[in-house]
Amino acid sequence: MLGLDGCRFEYGTLLGYPPQLGQDGEVTTARGRWSLERRGWPQGETELRVFGNGHYYGRFMLRPGHTGVVPLQARLVAVTLADQAGAALADVGTGAGTES
């Protein structure tokens, strides 16, 4: 969907300042907003943070491929999936969703 060469999950770490895919589907870098439409993905990995119930659990590190522009809608789907992963991690942490 995002045309990635790879993706990995880092549990509970925030090292460095990689570009970040935000909740609005846009990428920001240390220098501000990055135009994916004009410039493609930034070099290196881009992080997608995972939260559940207001708690930070980790981040997906996205390694972009050599595909063209990734539509905003596809990026928003990726953000939604990361949100669902965060909700699942929060449920595991609280015991919600388990049968007695």
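This is a predicted model: local features need pLDDT of at least 70, side-chain atom pairs count only at pLDDT 80 or more; totals for chains, interfaces and linings use all residues.
Student: Okay, now the inside. Which residues have the most contacts inside the largest nonpolar core?

Tutor: The general idea is that nonpolar side chains tend to be buried together in soluble globular proteins. Here, 35% of the 100 residues count as buried. The largest nonpolar core has 16 residues, and Leu2, Leu21, Val27, Trp41, Leu48 and Leu62 have the most contacts inside it. Strands β5 (46–52) and β6 (55–64) and helix α2 each supply at least two residues of this core, with α2 giving the most, five residues.

Student: Helix α2 again! Is Val77 on that helix buried or partly exposed?

Tutor: Val77 lies in α2, which covers residues 72–94. Val77 counts as partly exposed because its relative accessible area is 33%, between the 20% and 50% cut-offs. Together with Met1 and Leu81, Val77 makes a nonpolar surface patch of about 280 Å².

Student: And the aromatics? How many aromatic pairs does a search of the whole structure find?

Tutor: You describe a pair of aromatic rings by the distance of the centres and the angle of the planes. The search finds three pairs in this structure, and ring pairs link Phe9, Tyr11 and Phe60 into a cluster.

Student: What sits over the ring of Trp34?

Tutor: That's the charged end of Arg39, 3.7 Å from the centre of the Trp34 ring.

Key:
Residues are numbered from 1 along each chain as its sequence is written. Side-chain values use heavy atoms; hydrogens and water are left out. Patches are made of residues with over 30% relative accessible area and no salt bridge: like charges are joined within 9 Å, nonpolar side chains (Val, Leu, Ile, Met, Phe, Trp, Tyr) within 5 Å. Accessible areas come from the Shrake-Rupley method with a 1.4 Å probe; for residues, only the protein chains shown count as cover. A salt bridge is a side-chain nitrogen of Lys or Arg within 4 Å of a carboxyl oxygen of Asp or Glu. Helices (H or I, at least four residues) and strands (E, at least two) are DSSP runs, numbered from the N terminus. Buried means under 20% relative accessible area, exposed over 50%, partly exposed in between (1.4 Å probe, protein chains only). Rings of Phe, Tyr and Trp (its six-membered ring) pair if their centres lie within 6.5 Å; planes under 30 degrees apart count as stacked, over 60 as edge-to-face and the rest as tilted. A charge sits over a ring if NZ of Lys or CZ of Arg is within 6 Å of the ring centre and within 35 degrees of the ring normal. A nonpolar core is a set of buried Ala, Val, Leu, Ile, Met, Phe, Trp, Tyr and Cys residues joined through side-chain atoms within 4.5 Å.
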